Amino acid sequence: MTEPLETRVKRLRIRCWRRGTKEMDLLLGAYADSALTSLEPEALDAFEAMLEENDQDLYVWFSRQAPEPAAHRATLARLRAFHGIA
């Protein structure tokens, strides 16, 4: 059975706000609260896949301290744009 969109978004929002590091909680949680319901299914899948990565990697990719994997490039670009980072 397919998970309803509303349930999936709620689950992802909880995962974003309870990451383990406050920095990623704030970056991902604010984005999740604002943007998840408007994402296309493919973008939502990509966002959920990115959440499988550990916080330390996500932070250095987000802050461009290390190159991000190609699989997460579009998702990280949307996240940066949301936070006003070019």
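Where is Thr21 found? Thr21 sits in the loop between α1 and α2. The model is a predicted one, and the values below are computed from it.

**The chain as a whole**

The protein chain has five helices and zero strands. Followed along the sequence, its pattern reads α-α-α-α-α. The C-alpha trace spans about 40 × 25 × 20 Å along its principal axes. For 86 residues, a compact globule would have a radius of gyration near 12 Å, and the protein chain agrees with this because its own value is 12 Å.

Of the 86 residues in the protein chain, 36% are buried. The accessible surface of the protein chain comes to about 5200 Å², and carbon and sulfur atoms account for 56% of that surface. When contacts between residues at least 6 apart in sequence are considered, 51% of them join residues at least 24 apart.

**Helices α3 and α5**

Helix α3 covers residues 41-50 and helix α5 covers residues 73-82. Their axes come within 9 Å and cross at roughly 90°. An angle from 65 to 115 degrees counts as roughly perpendicular, and α3 and α5 are therefore roughly perpendicular to each other. On the α3 side the contact is made by Ala43, Ala46, Phe47 and Met50, and on the α5 side by Thr75, Leu76, Arg78 and Leu79. Sorted by class, the contact of α3 with α5 has six nonpolar, one polar and one charged residues.

| Residue | Relative accessibility | Term |
|---|---|---|
| Arg8 | 15% | buried |
| Thr21 | 21% | partly exposed |
| Glu23 | 46% | partly exposed |
| Arg64 | 46% | partly exposed |

Is Arg8 buried or exposed? Arg8 is buried, because its relative accessible area is 15% and buried means under 20%. Arg8 lies in helix α1, which covers residues 5-17. With neighbours within four places in sequence left aside, Arg8 is in contact with Glu3, Leu44, Asp45 and Glu48.

Thr21, in the loop between α1 and α2, has a relative accessibility of 21% and so counts as partly exposed. Which residues does Thr21 touch, not counting residues up to four places away in sequence? Thr21 touches Asp55 and Gln56. Thr21 and Pro41 are 20 residues apart in sequence, and their C-alpha atoms are 27 Å apart in space.

Glu23 belongs to helix α2, residues 22-35. At 46% relative accessibility, Glu23 is partly exposed.

Arg64 is located in the loop between α4 (55-62) and α5. Arg64 is not a glycine, yet its phi is positive, at about 60°. The relative accessibility of Arg64 is 46%, so Arg64 counts as partly exposed.

**In brief**

The predicted model shows a protein chain with five helices and zero strands. Helices α3 and α5 cross at roughly 90°. Among the residues described, Arg8 is buried, whereas Thr21 is partly exposed.

Terms used: Residues are numbered from 1 along each chain as its sequence is written. This is a predicted model: local features need pLDDT of at least 70, side-chain atom pairs count only at pLDDT 80 or more; totals for chains, interfaces and linings use all residues. Side-chain values use heavy atoms; hydrogens and water are left out. Axes are lines fitted to C-alpha atoms, for helices over the stretch in contact, and angles run from 0 to 180 degrees between N-to-C directions. Helices (H or I, at least four residues) and strands (E, at least two) are DSSP runs, numbered from the N terminus. Angles under 35 degrees count as roughly parallel, over 145 as roughly antiparallel, 65 to 115 as roughly perpendicular and the rest as oblique. Contact means heavy atoms within 4.5 Å. Ala, Val, Leu, Ile, Met, Phe, Trp, Tyr, Cys and Pro count as nonpolar, Asp, Glu, Lys and Arg as charged, and the others, Gly among them, as polar. The radius of gyration is taken over C-alpha atoms; the globule rule is 2.2 Å times the number of residues to the power 0.38. Buried means under 20% relative accessible area, exposed over 50%, partly exposed in between (1.4 Å probe, protein chains only). Accessible areas come from the Shrake-Rupley method with a 1.4 Å probe; for residues, only the protein chains shown count as cover.
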